[in-house]
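Reader: I have a new model open on my screen and would like to learn how to read it. Could you take me through it, one feature at a time?

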Amino acid sequence: MKKFVHLATGLFLALGTAAIVAYAMAHLAQHSLGFPRSLLREQALICAAILLGLVTIEFLVSREK
């Protein structure tokens, strides 16, 4: 149980930090660099799908040990 709480806490902090960084980068790209919002949305969905896959793989591998 303690390992699950540690994993969940680490995952929560990592996702929170990633969300803050993603918001800051999107704001910078849209307002300072002039990228259109639709381009940023598409790239964000692709990155989110990749990260979801990596987190799922990490979770499944850590449960087998």
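Author: Gladly! Let us start with A26, which sits in helix 1; helices here are DSSP runs of H or I with at least four residues, strands are E runs of at least two, and both are numbered from the N terminus. This is a predicted model, where local features need pLDDT of at least 70 and side-chain atom pairs count only at pLDDT 80 or more, while totals for chains, interfaces and linings use all residues. Residues are numbered from 1 along each chain as its sequence is written, and side-chain values use heavy atoms, with hydrogens and water left out.

Reader: Which residues lie nearest the centre of the largest pocket?

Author: A pocket is found on a 1 Å grid over the protein atoms alone: it is an open set of points with protein on both sides within 12 Å along at least five of seven lines, and lining residues have an atom within 4 Å of a point. Here A22, Y23, A26, L40 and A44 lie nearest the centre, among 26 lining residues. The volume is about 750 Å³, meaning the space filled by probe spheres set on points joined across faces, edges and corners. Helix 1 gives the most to this lining, with 14 residues.

Reader: What about helix 2; where are I50 and T56?

Author: I50 is in helix 2, and T56 is in helix 2 too. I50 counts as partly exposed because its relative accessibility is 49%, and T56 is partly exposed at 37%. The C-alpha atoms of T56 and L40 are separated by 24 Å.

Reader: Which residues does the "transmembrane region" annotation cover?

Author: The unreviewed UniProt entry places it at residues 43-61; such annotations may be inferred rather than shown by experiment. In the model that span is 100% helix and 0% strand, and its end C-alpha atoms lie 27 Å apart.

Reader: Which residues form the nonpolar patch on the surface?

Author: Patches take residues with over 30% relative accessible area and no salt bridge, joining nonpolar side chains (Val, Leu, Ile, Met, Phe, Trp, Tyr) within 5 Å. Here they are M1, F4, V5, L7, F59 and L60, with about 610 Å² of accessible area together. Helix 1 (2-31) and helix 2 (37-64) each give two or more residues, and helix 1 gives the most, with 3. M1 lies in the segment before helix 1 and is exposed, because its relative accessible area is 78%.

Note on methods
Patch = residues over 30% accessible without salt bridge, like charges linked within 9 Å, V, L, I, M, F, W, Y side chains within 5 Å. Areas by Shrake-Rupley, 256 points an atom, 1.4 Å probe, with all protein chains shown as cover. Salt bridge = Lys/Arg side-chain N within 4 Å of Asp/Glu carboxyl O. Buried < 20%, exposed > 50% of the residue type's maximum accessible area, 1.4 Å probe, protein only. 1 Å grid on protein atoms, 1.4 Å probe; cavity = no way out; pocket = protein on both sides within 12 Å on 5 of 7 lines; lining within 4 Å.
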